[in-house]
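Thanks for making the time this morning.

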Amino acid sequence: MSEHKGPSRRMLLGAMAAGGAAMTTGMARAAGDPAITELQPWMRSLGDGVDAHPYGMPSPFEAHVKRRNVEWLTADPVSSVNFTPIHELDGIITPNGLCFERHHSGIARVDPSLHRLMINGLVDREIVFTMDDLKRFPRYNRIHFLECAANSGMEWRGAQLNGCQFTHGMIHNVMYTGVMLRDVLAAAGVKPTGTWLLAEGADAAAMTRSIPMEKALDDCMIAFKMNGEALRPEQGYPVRLVVPGWEGNMWVKWLRRIEIGDQPWQHREETSKYTDLLPDGRARRFTYEMDAKSVITNPSPQAPLSHGKGPTVLTGIAWSGRGTIPRVDVTLDGGRNWHQARMDGPSLEKSMHRFYFDFDWDGRPLLLQSRAHDSTGYVQPTKDALRAIRGPDSIYHNNGIQTWHVDERGEAENVEVG
Ligand SMILES: Nc1nc2c(c(=O)[nH]1)N[C@H]1C(S)=C(S)[C@@H](COP(=O)(O)O)O[C@H]1N2
Ligand SMILES: [Mo]
């Protein structure tokens, strides 16, 4: 192999001289690197042919990039949740196989040819649609985040889980293809007294949630595709409700029935669950909209800074159930100095946004936080500010500012600053 060494090395040194100062460290390390000078196994033989994987899978080297659960959190995997590995992703789209799952009675295995959607209640005509019928309404494409109201719920009383996958991973952001709920409702003809909807799922839980009519007529969708392909069984195949900006529980999967009524149904998921118990014994209810929130995904406990001091890319995600995120601030010192992050990628209503902060790390410990501003002017609060209003007993709707402590080695840890 030695005959390869000379030329490769000369080429690299030439490139180094031409390159900017910022890249000097990387180029110097490359000189004499056997990864360049030695012929690697994948160059010595032919690779798999085109049909080796009729449905493509990620590289085996990415096997660690997966949904994970927290076993002690729930008693049984059929009524449980796992988490999106947001520290391994970039941009704004969550790949289908990595979207977190939340099921109350496991994943319904629905045969689309036997699936029906019924519209009943206060309508002129009760109608039952097949999947083929639904696909004859005008079709739309929208990118929206879905956040479970319990996302960050385990952090209410203090820093607990070491990784943004677990503290913030009950979120995904997907492009949905489907039909507008208002078009489907118009086919049934909603009576003037019809002011509420009950959406019901075809899983064993028959998940049900009440939804106000204004929201249904505004931007709700009945979706059958995610990121261009059929919904995954985990996400409600063959059809789910999309309720942009509102808490994930309302996005009924395996949607089988929509009843029109004149008041909310007061079902379990809007009374005993998905409500916030306040210190005075009252509960916040029907808290549908997800408040603006952000988190730094890199560096974070599962994604330490492994490269030492020098040029560093800090990145994270931000979202709001009320609009877009025009601005995110980042602090490296626990809130003493704030810097405006660089937003990059599409800025869409009720969708995830990507931010970056490119800085020169001096190798000293960092206290990282991000703070989202949404298009209504709302600013993401501190966790202490939230606790002052809601008390210590809440679970849901924790959109407080997250802090990561990064030590001299680049290891990150979930902490809170007082
Ligand atoms: N039919 C049905 N729909 C459901 C649920 C369910 O258990 N059954 N879980 C809800 C909850 S609590 C959330 S957070 C979202 C999760 O959606 P995902 O599994 O696509 O992440 O689905 C909602 N829709
Ligand atoms: Mo949820």
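Let me begin with ligand 1, which has 21 residues around it, and of these His 104, Cys 148, Gly 201, Met 207 and Gly 248 come nearest; a residue counts as near a molecule or strand if its C-beta atom, placed from the backbone, lies within 6 Å of it. Sorted by class, that shell holds nine nonpolar, seven polar and five charged residues, where Ala, Val, Leu, Ile, Met, Phe, Trp, Tyr, Cys and Pro count as nonpolar, Asp, Glu, Lys and Arg as charged, and the others, Gly among them, as polar.

Before going further, a word on what we are looking at: this is a predicted model, in which local features need pLDDT of at least 70 and side-chain atom pairs count only at pLDDT 80 or more, while totals for chains, interfaces and linings use all residues. Residues are numbered from 1 along each chain as its sequence is written, and chains are lettered from A and ligands numbered from 1 in the order in which they are written.

As for the overall picture, the protein chain has eight helices and 23 strands, these being DSSP runs numbered from the N terminus, with helices (H or I) of at least four residues and strands (E) of at least two. Its C-alpha atoms fill a box of roughly 80 × 60 × 40 Å, taken along the principal axes. Of the 418 residues, 38% count as buried, meaning that 20 or more other C-beta atoms lie within 10 Å of the residue's own, whereas 12 or fewer makes a residue exposed and anything in between partly exposed, with C-beta atoms placed from the backbone.

An unreviewed UniProt entry places the domain "Oxidoreductase molybdopterin-binding" at residues 104–266; UniProt positions are in the numbering used here, feature names are shortened, and annotations may be inferred rather than shown by experiment. That span is 14% helix and 36% strand, and its end C-alpha atoms lie 18 Å apart.

Next comes an open sheet of five strands, ordered S4-S3-S12-S7-S8 with mixed pairing, where two strands pair if DSSP finds at least two bridges between them. Its edge strands, each pairing on one side only, are S4 (127–130) and S8 (208–212). Strand S3 (residues 116–121) runs antiparallel to S4 and is joined to it by four bridges, with Arg 116 standing opposite Thr 130 in S4.

Strand S16 (residues 310–319) is mostly covered, since seven of its 10 residues are buried. S16 is joined by five bridges to strand S15 (residues 293–298), which runs antiparallel to it, and it also pairs in the antiparallel sense with strand S20 (residues 353–361) over nine bridges. In these pairings, Asn 298 has Thr 315 in S16 as its bridge partner, while Val 313 stands opposite Asp 358 in S20.

Leaving aside residues up to four places away in sequence, Glu 289 touches Gly 245, Trp 246, Gly 321 and Arg 322, contact here meaning C-beta atoms, placed from the backbone, within 7 Å.

Note on methods:
Two residues are in contact if their C-beta atoms, placed from the backbone, lie within 7 Å.
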